[in-house]
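Open the structure in your viewer and keep the selection tool at hand.

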Amino acid sequence: MNLQLETKNNFKKNVMTMKKLKRRERVDGWLFVTPFVISAAVFFIGPLLVAFMLSFKEYSYLDMISMFEAPWVGFANYLNAFQDSTFLKALLNTSIYSLGVVPIQLTIALLLALIVDSNLKGKTFFRVAYYIPTVTSTVAVSVMFMFIFKTDGILNRILAIFNLPAYNWFGDTRLALPSIMMMAIWSSVGLYMVIFLAGLQDIPTSLYEAARIDGANKLQEVLYITIPLLKPTIFFNLVVSLIGTFQVFDQAYVVSNGTGGPLDSTMTVVLYLYNTGFRDFQMGYASAIAFILFAIIFILTLIQRKFFGEETEF
Amino acid sequence: MKKLISLLMTFVLVVGLFAGFSLNSEPANAASKTVIKLGCWGSSPAETELLDNQIKEFEKLYPNIKIEKQVITGDYNQQMQVKFASRTEPDVFYLDVSLAPAYMAKNVIEPLDKYIDKNDVKDFETSLLNGFTRNGKIYGLPKDYNTLAIFYNKDMFKEAGITKAPTTWKELEEAAKKLTKDGVKGMALSIDAARFIPFMFQAGAQINNGDKPVFNTPQAAKGLDFYVSLLKKGYAATPKELGVGWNGDALAQKKAAMVIEGGWMIPFMKDAAPDVNYGIAKLPKGDKEGDLVFTVAYVMSARSKHKAEAAEVIKFLTGRQALLMTAESGLAIPSRKSMGGVYTQKYPERKPLVDMVRYSKVYQFGLKGAKILDSLTKACEKLYYKKVKDARTALEQAVKEIK
């Protein structure tokens, strides 16, 4: 009898502590994420909302009023952007850049990943070697490429060996953009290779073994097992690469000294945004450009999800 | 108990931290000294030393004012705007003349008329001072300046049998033609408005009228045409075509016999190419004389809490004593007429740089200056890459682009 009562009491006590624990857990959880929530609100969500507000205003940092007091201009900034020939040229350049860089970069990255994933001798060396450009600063890379692409630089000397004419790579309106595209492909291919590599290691070897028993060759293995099962990784890389290329800034800035020249051939959307905001003192207009860019990237990502986004099951 | 102790410890630590901060940030004699923050951009070690010495002299004379130098790294104009937006701008700062219209129009800098002696101001080179004047008010006092000149390789001149530097457009073209041989170009000319505008001035053109672009004239086209013709005829090449970063490199690496640059070439050549025997000559004369002058002034933030003291700083740093130091260092040309003589006496070979300031116009083109320069450069590119039929059309299109 006594014993029974004790058990019952104990049970009650346990329920109480469980409830308390649950509540405690919830509080603790929030406590743990507070630093992130606060920093996200202060450094990410807040500025985003302010920038959105600014895109409907006329404002410069040199105005002696706060941005909340700046005059509203409605959709004028957005409408202006679509009549601004330099902006449209920047958008075209950025699109060409993105369409050129993304597929080439990802194809090379996938090939490299496949090679590095096989039983190659010294594959660790290659993994490191391909990844090094990614951890090098873009400005340093740009300066290095300026040496390669100089009129008397390495590239032109190599061309000379094959009796090909020398080009003024960064000074020619047709070649400047392709030059920075090459630079971008070279410098970030390693990053995507590593992500592909992680994806490749997720594919169970049993599938390959089964395929081999069925008599599949290497190419068929890649086409019918690797690529379909790599879809989530491909999607991820596509999105990241697309966003990255649409935001290209540093290469264009360094190569053209911030002007986007020659003749706007390296003018990109973000470079133009930077110039309008800080050089022409039109922060509102610059914010509007930023949101147009955001909308474009967002729509493109949605489209990609439609094609590549479905879950893959092993 | 353990909890309590750890709580206590934390408390002590936190309090200690704050106490430490407040102790550090307030020196003992803070009450007696006014601190004036001075914003500037980073420059060569020699120039930094010059400014530091000027500051030291100032602090000797004004023991109650302390100058705190803030070196602004990165894009100066961008950093300055961010500082203004966050209300942390320095009391006194460098301002390039090309940015002055925006800063003056937005009223972020303080007119200095109250603080300065009207008679003393007359000593500054007039064109420089005009760059920092708006609606009759003076917003900044220029500290130094640089005009564009021809820097030429004396040995190459001798070899080509040219005895004196070209003084007219015709002579310039002939000299460039003669000097172009053995893989060396007569001139290095960059496709940059900041280098070809002097030729437009020499043809009698005007770039802007207030904030309005007015360079769609036959005179401006004539100037641009002449500049591009030197490139097209092969007597000159752009730095990019020569495989160098800028005009200076072209002269230093003996890839061109003449370049158009400013006084910043002097320390550069000393460092990069001490073996090149070069001379400095005035820009040639077209229909008239004309040149661009680059200058930087000290200005005061309109929100400064210590305006009287900030004004003293500006007056001293642009005063005779400080500028005498500038003149003697030879690092820049002092902005005062009375000091120009000191400079040319010590460095007679640099006299052309000083002589040209009389008819030079400051590198400033109104509120839309950045746009004007951009579209001018583009017009030159279009002409050079044969995207338009002539200079006039290129300039017409450029004016239209600036809305």
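Helices (H or I, at least four residues) and strands (E, at least two) are DSSP runs, numbered from the N terminus. This is a predicted model, in which local features need pLDDT of at least 70, side-chain atom pairs count only at pLDDT 80 or more, and totals for chains, interfaces and linings use all residues. Residues are numbered from 1 along each chain as its sequence is written, chains are lettered from A and ligands numbered from 1 in the order in which they are written, and side-chain values use heavy atoms, with hydrogens and water left out.

**Stop 1: the cavity in chain B**

Select strand 1 (34–41), helix 2 (45–61) and strand 2 (65–72) of chain B; each supplies at least two residues of the lining of the largest cavity. On a 1 Å grid over the protein atoms alone, a cavity is a set of points where a 1.4 Å probe fits but cannot get out, and lining residues have an atom within 4 Å of a point. The count comes to 1 cavity of 30 Å³ or more. The largest cavity holds about 50 Å³ of space, a volume being the space filled by probe spheres set on the points, with grid points joined across faces, edges and corners.

Now show the side chains of the lining: Cys40(B), Trp41(B), Gly42(B), Ser43(B), Glu47(B), Thr48(B), Leu51(B), Lys69(B), Val71(B) and Tyr94(B). Helix 2 of chain B gives the largest share, 3 residues. By class, this lining has 5 nonpolar, 3 polar and 2 charged residues (Ala, Val, Leu, Ile, Met, Phe, Trp, Tyr, Cys and Pro count as nonpolar, Asp, Glu, Lys and Arg as charged, and the others, Gly among them, as polar).

**Stop 2: two helices of chain B**

Select helix 10 (residues 218–232) and helix 19 (residues 391–401) of chain B, whose axes come within 8 Å and cross at roughly 115°. Axes are lines fitted to C-alpha atoms, for helices over the stretch in contact, and angles run from 0 to 180 degrees between N-to-C directions. Pro218(B), Ala220(B), Ala221(B), Leu224(B) and Asp225(B) of helix 10 meet Ala391(B), Arg392(B) and Leu395(B) of helix 19 (contact means heavy atoms within 4.5 Å). The residues of this contact divide into 6 nonpolar, no polar and 2 charged.

**Stop 3: two helices of chain A**

Move to helix 8 (residues 205–213) and helix 9 (residues 218–229) of chain A, where the axes come within 11 Å and cross at roughly 160°. Helix 8 of chain A is therefore roughly antiparallel to helix 9 of chain A (angles over 145 degrees count as such). Leu207(A), Tyr208(A), Ala211(A) and Arg212(A) of helix 8 make the contact with Glu221(A), Ile225(A), Thr226(A) and Leu229(A) of helix 9.

**Stop 4**

Helix 13 of chain A supplies the largest share of the lining, 8 residues.

Conventions
Angles under 35 degrees count as roughly parallel, over 145 as roughly antiparallel, 65 to 115 as roughly perpendicular and the rest as oblique. On a 1 Å grid over the protein atoms alone, a cavity is a set of points where a 1.4 Å probe fits but cannot get out, and a pocket is an open set with protein on both sides within 12 Å along at least five of seven lines; lining residues have an atom within 4 Å of a point.
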